Structure formats: structure tokens, C-alpha cells
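Here are my notes on the model, as numbered points. Please read them with the structure open.

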Amino acid sequence: MPSWYEEDQKSRTRFSLVAKQPLASAQSPYQKIDLFESEQFGVVLMLDGLFQTSEKDEHFYHEMLIHPAMTSAPSIKRVLVIGGGDGGSIREVLRYKDVEHVTMCEIDGLVIDLCKQHLASFNVPWTDKRLDLRVGDGIAFMKEHKGPLFDVIIVDGSDPVGPAEGLIAESFYAACKKCLSPEGALVVQSESPIVMRDDLVRIVNNMRTVFPRVAPYLGPVPIYPSGSWSYTLASDKLDPRVPKPERLAQIEPTAKYYNRDIHVAAFALPSDLKRDLG
Ligand code: SPD
């Protein structure tokens, strides 16, 4: 009998992956963590019954969350990643030679440990000297941070239910802004533009209360609800549609999905979404 792992998408749709074998199942103080080897997508990470990442499709998500901000921000010396316990986001950030310091703040240390063990193929440079890895609450980190400002802040969070709902609050975006350099950029994952449009609109509107320039953009993620995903980049004055050639040169030769054409095209939005965003 094949064993299936199923995501219930807001009790409206279910999406299942068949497993070759289970790898780990644990309850942390924060969430249920499952890792299994799937037939189609390699090793898959699931948190509280929601698919988070897989060996075969992680590049769509991590490259699109990271590179539009990292290729267009004026400076990328100091970067903060909130969440992202599987390490895919910091791996992409650390590809840039101009990055001097990356802080990653992930609430669940068990996610990091299990991903190091079962998602080693992500090739995350966990021992890179530029990385300052903290296990703690990202919302508290943002509110309490008194140190140097960040050039880029990346929120690689879970879906906005339960405690993660705080990651899309106006107060959280205001705390991010206080920790950003004046020309800095904030980028967040902002849910499915098709089946979670209410969440996307709420995220964009909350960001607009804090930042003058808020630019949603789109890309595919096969194992996420509807397969179409959104990200939103906010700043005071940055035009995120203009990647810097010297940064692109560091990324394009090895990226699997991202390139300059994808970057520009990703900011083109469907007509009905433009209307919904006002
Ligand atoms: N529906 C899943 C949304 C998850 C976003 N975060 C994924 C973490 C990958 N690093």
C-alpha cells in the first residue's frame, strides 16, 4: 500500500504526495515536523501538515524569494533572514561576494537539525563565517534589535496561521523598517495569488501602511497551493525591476530558475490581481 502525505488547503482542496519512505516525524514545542522521501519531488519537509520545501522544487521558491531583492538593493553587506530553517534562503544569500554578514533567526531549532540531517542535498554553507545563526522568535528579534541596520531583510516564514500570523502584521513591518538602512529592502513570501489572494492583498496592504514602494511579484512553486506563488518587495525608494549586472553575473551561471528576464517578467501582474491590489 503506498503511503500518502496530504496537505489540506483551507478545507477547500487537498494535495497529496506519495512517499517512498518516511524519514522523520517529530513534535517540537512549535509544530509537527515531517520529512519523507517522495516519489516525485525527492525529500519533502512538511510542517503542521503543510508542504514547505522539497529537493526537486526548492530552487523555484528560494531563488525567487532571494534574488530579486539581492540583485537590485543598493547595498547587500548586511542581510537578515527571518525563518528559513531548511537553509535554502541563506544558501542563496551567501552566493554573493558582497555579503559580509547574514543573521538568520529561526524559531524552531529542531527544523534546522532535521533539515541538516535529511536535506543535506540543499548544500547549505552552515559553517560560513559570515553567518550568525540564532534560534529564536523572529518577531521578538525584530522588536528588540538595537544593532547595526540591515540592507536587506528576508522573511521566509510559514503560512500566516497561528503564531506566523504575526509575520504579516503592520507592527511587524514597522519593526522591520526600523531595522532597515534608509535604502534597504524587505522581501516576504506572500502566499498564492490564485487560491490565497485574500492573504496576498492583506500582506500588500499592511506593507503599504509602512513602505512607500510595495511591489508584489510571481513565480511557480509546484508543491504549493495552486502551484503559483507570490513574493512582495518593499522599500522607501528602490525600483526592484532593475537588477544590477555585476550581481546577476554572480548568480545566473549557476541558478536553475532565476535570470534577468525572469526577474523583470515576474513583476508583471495579471489584470484582476492588479485591480484587487488597487
Ligand atoms: N505554503 C507553504 C509556504 C511556505 C513558505 N516557506 C517555506 C520555507 C522554505 N524555506
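How many cavities of 30 Å³ or more does the structure hold?

1. The structure holds one. Bear in mind that this is a predicted model. The largest cavity has a volume of about 80 Å³.

2. Now the open space. The largest pocket has a volume of about 720 Å³. It is lined by 36 residues, and Gln31, Ile107, Gly157, Ser158 and Ala164 are the closest to its centre.

3. Which elements give two or more residues to the lining of the largest pocket? They are strand 4 (42–47), strand 5, helix 1, strand 6 (78–83), strand 7 (101–106) and helix 4 (138–144). Strand 5 gives the most, with four residues.

4. What takes up the space of the largest pocket? The ligand does. Around the ligand stand Phe51, Gln52, Tyr61, His62, Asp86, Asp156, Gly157, Asp159, Gln189, Tyr224 and Trp229. This shell divides into four nonpolar, four polar and three charged residues.

5. Two elements each supply at least two residues of the shell: strand 5 (50–54) and helix 1 (58–72). Both also give two or more residues to the lining of the largest pocket.

6. In the side chain of Asp86, an N or O atom is 2.5 Å from a nitrogen atom of the ligand. Asp159 places a polar side-chain atom 3.0 Å from a ligand nitrogen atom. Gly157 takes part through its backbone: a polar atom there is 3.0 Å from a nitrogen atom of the ligand.

7. How much of the ligand does the protein bury? Taken alone, the ligand exposes 330 Å², and the protein buries 98% of that.

8. One residue deserves a second look across these points. Gly157 belongs to the shell around the ligand.

How values were computed:
Residues are numbered from 1 along each chain as its sequence is written. This is a predicted model: local features need pLDDT of at least 70, side-chain atom pairs count only at pLDDT 80 or more; totals for chains, interfaces and linings use all residues. Side-chain values use heavy atoms; hydrogens and water are left out. A residue is near a molecule or strand if one of its heavy atoms lies within 4 Å of it. A polar contact is a pair of N or O atoms within 3.5 Å; within protein, one must be able to donate a hydrogen and the other to accept it, and residues adjacent in sequence count only if both atoms are side-chain atoms. Accessible areas come from the Shrake-Rupley method with a 1.4 Å probe; for residues, only the protein chains shown count as cover. On a 1 Å grid over the protein atoms alone, a cavity is a set of points where a 1.4 Å probe fits but cannot get out, and a pocket is an open set with protein on both sides within 12 Å along at least five of seven lines; lining residues have an atom within 4 Å of a point. A molecule sits in a cavity or pocket if more than half of its atoms lie within 2 Å of its grid points. Ala, Val, Leu, Ile, Met, Phe, Trp, Tyr, Cys and Pro count as nonpolar, Asp, Glu, Lys and Arg as charged, and the others, Gly among them, as polar. Grid points are joined across faces, edges and corners, and a volume is the space filled by probe spheres set on the points.
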